[in-house]
Amino acid sequence: MTFSKELTKGFIKDNPIFILVLGLCPTLAVTTSVVNGLGMGFAATFVLLCSNIIVSMIKGITPSKIRIPVYIVVIASFVTIVDMVMGAYLPGLHKSLGLFIPLIVVNCIILGRAEAFASKNNVLMSIADAIGMGLGFTLSLVVIATVREILGAGTWLGFRVTPLTYDPMLIAILAPGAFITLGFLMALINMVKEKK
Amino acid sequence: MKYYLKLGFILLVFCVVASGILAYLNTLTAPVIAARKAKEAVETRAALIPEAEFAERTAGTGETYFVARSVSDSTEVLGYTFVAAQNGYSGVVQTMVGVDREFKVLGIKVINQSETPGLGANCTQPSFMEQFKGLSLPDLKVDKDGGKVKSLSGATITSRTIANSIAESIKAVQADLGGE
């Protein structure tokens with residue numbers, strides 16, 4: 001495996017949401033607007049990058065019996081760092097994401113990549129994996145949020161994109177809308193994949 | 001036995017290092033966060049009652065509120081501001097409220113809420129907050145309860161929470177001032 005291959009596999013081929021089906025809890029919760037999706041995506045990417053680097057650095061000195069608690073400590077620390085730094089310097093984003101940041105701890109993409117990739121590969125490859133997976137996650141969030149925000153609020157990134165006569169389909173930004181959108185998008189991707 | 005002690009020790013080392021880093025970062029960010037919150041509160045108060053100086057007061061029940069006095073004449077009380085809070089549909093809804101001397105609402109601002117997006121979260125929209133202007137105690141109820149606050153569609157609980165929390169807080173401030 002080369003660096004670029006590790007980097008790009010997260011976008012489509014091993015997309016964490018649509019193909020690996022990881023991290024659905026934050027996905028369903030934050031995709032009510034594109035801004036939230038972007039914020040959550042980048043915050044998770046940052047945590048994933050840091051945790052992958054540390055996990056691959058300490059893989060030699062972590063006994064396999066306690067590796068999961070060690071990974072959780074690493075991940076939880078970075079999440080807390082993101083929470084504190086964002087609260088101090090990016091208050092606007094923190095206000096809308098505040099509720100979801102602690103959720104990154106239990107985002108299985110991060111623990112999943114630590115366990116499946118970073119603990120078996122060197123630092124460089126782990127960086128590529130984290131960036132690819134993180135951006136793939138962000139991309140997927142934006143795609144889902146785009147559908148939900150346009151249908152449910154008539155806006156995209158906060159700008160009105162539908163005619164004023166359009167009455168927003170409120171259900172799209174409520175919980176059922178998350179499941180329905182995710183289901184349709186997944187079906188679409190599977191359809192494209194099978195045709196190949 | 002020795003092996004397990006060793007495992008425990010390794011885990012301990014990881015935790016100590018992690019908490020050390022977090023404690024250090026907390027000392028850096030906590031003052032910034034506190035300063036920003038305080039600044040936001042000052043700005044919101046100034047927007048609710050312009051050209052006033054605010055003095056903090058603590059009621060006998062433990063709640064704090066601010067007395068607004070005119071900048072030009074410090075004996076003239078312009079009104080009061082306080083934070084009204086009550087549990088909404090999902091978590092506490094906090095509203096900063098400004099009232100005049102007769103406890104007529106000058107303006108409100110929802111400063112903290114985690115209500116349903118698209119329904120209750122619409123309480124932060126100006127069109128909802130504007131309608132509180134000029135209301136006094138008897139009207140501070142949602143229309144369904146016989147008041148003058150028009151509820152958000154699909155979010156009566158949120159609307160009722162805000163209206164009731166403001167009414168409660170006004171009563172608390174009145175009680176405190178009446179006791180003088």
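Tutor: Gladly! Keep in mind that this is a predicted model. Let's begin with B:Glu51, which has 10 C-beta neighbours inside 10 Å and counts as exposed.

Student: Why is B:Glu51 called exposed?

Tutor: B:Glu51 has 10, so it counts as exposed. You will find B:Glu51 in the loop between α1 (2-48) and β1 (52-58) of chain B. Its phi is positive, about 50°, although B:Glu51 is not a glycine.

Student: What makes A:Val21 partly exposed?

Tutor: Partly exposed lies between the two limits, 12 or fewer for exposed and 20 or more for buried. A:Val21 has 13 C-beta neighbours inside 10 Å, so it counts as partly exposed. A:Val21 sits in the loop between α1 (3-8) and α2 (24-30) of chain A, and its phi is positive too, near 50°, in a residue other than glycine.

Student: And B:Leu106, why is that residue not called buried?

Tutor: Buried needs 20 or more neighbours. B:Leu106 has 19 inside 10 Å, so it counts as partly exposed. B:Leu106 belongs to strand β5 (residues 105-112) of chain B. Leaving aside residues up to four places away in sequence, B:Leu106 touches several others, among them B:Leu48, B:Ile49 and B:Lys133.

Student: Which residues of helix α6 of chain A are buried?

Tutor: In α6 (residues 108-118) of chain A, they are A:Ile109, A:Ile110, A:Leu111, A:Arg113, A:Ala114 and A:Ala118. These buried residues pack against α3, α4 (67-89) and α7 of chain A.

Student: How do you know how α3(A) and α7(A) run relative to each other?

Tutor: The axes of α3 (residues 34-57) and α7 (residues 123-153) of chain A come within 8 Å and cross at roughly 165°. Angles over 145 degrees count as roughly antiparallel, so that is what α3(A) is to α7(A). By class, their contact has 19 nonpolar, ten polar and two charged residues. The crossing of α3(A) past α7(A) is right-handed.

Student: What kinds of residues does chain B use where it touches chain A?

Tutor: On chain B, 18 residues are in contact with 21 residues of chain A. That side of chain B divides into twelve nonpolar, five polar and one charged.

Student: How is chain B divided into domains?

Tutor: Into domain 1 (1-48) and domain 2 (51-178). Their centres, taken over C-alpha atoms, are separated by 33 Å.

Conventions: Residues numbered from 1 in each chain as written. Chains lettered and ligands numbered in written order. Predicted model: local features only at pLDDT ≥ 70, side-chain atom pairs only at ≥ 80, totals over all residues. Contact = placed C-beta atoms within 7 Å. Nonpolar A, V, L, I, M, F, W, Y, C, P; charged D, E, K, R; others polar. Axes fitted to C-alpha atoms, helices over the stretch in contact; angles between N-to-C directions. Helix = DSSP H or I, 4+ residues; strand = E, 2+ residues; numbered from the N terminus. Parallel < 35°, antiparallel > 145°, perpendicular 65-115°, else oblique. Left-handed = near helix turned anticlockwise from the far one by under 90°. Domains from an automatic or database assignment.
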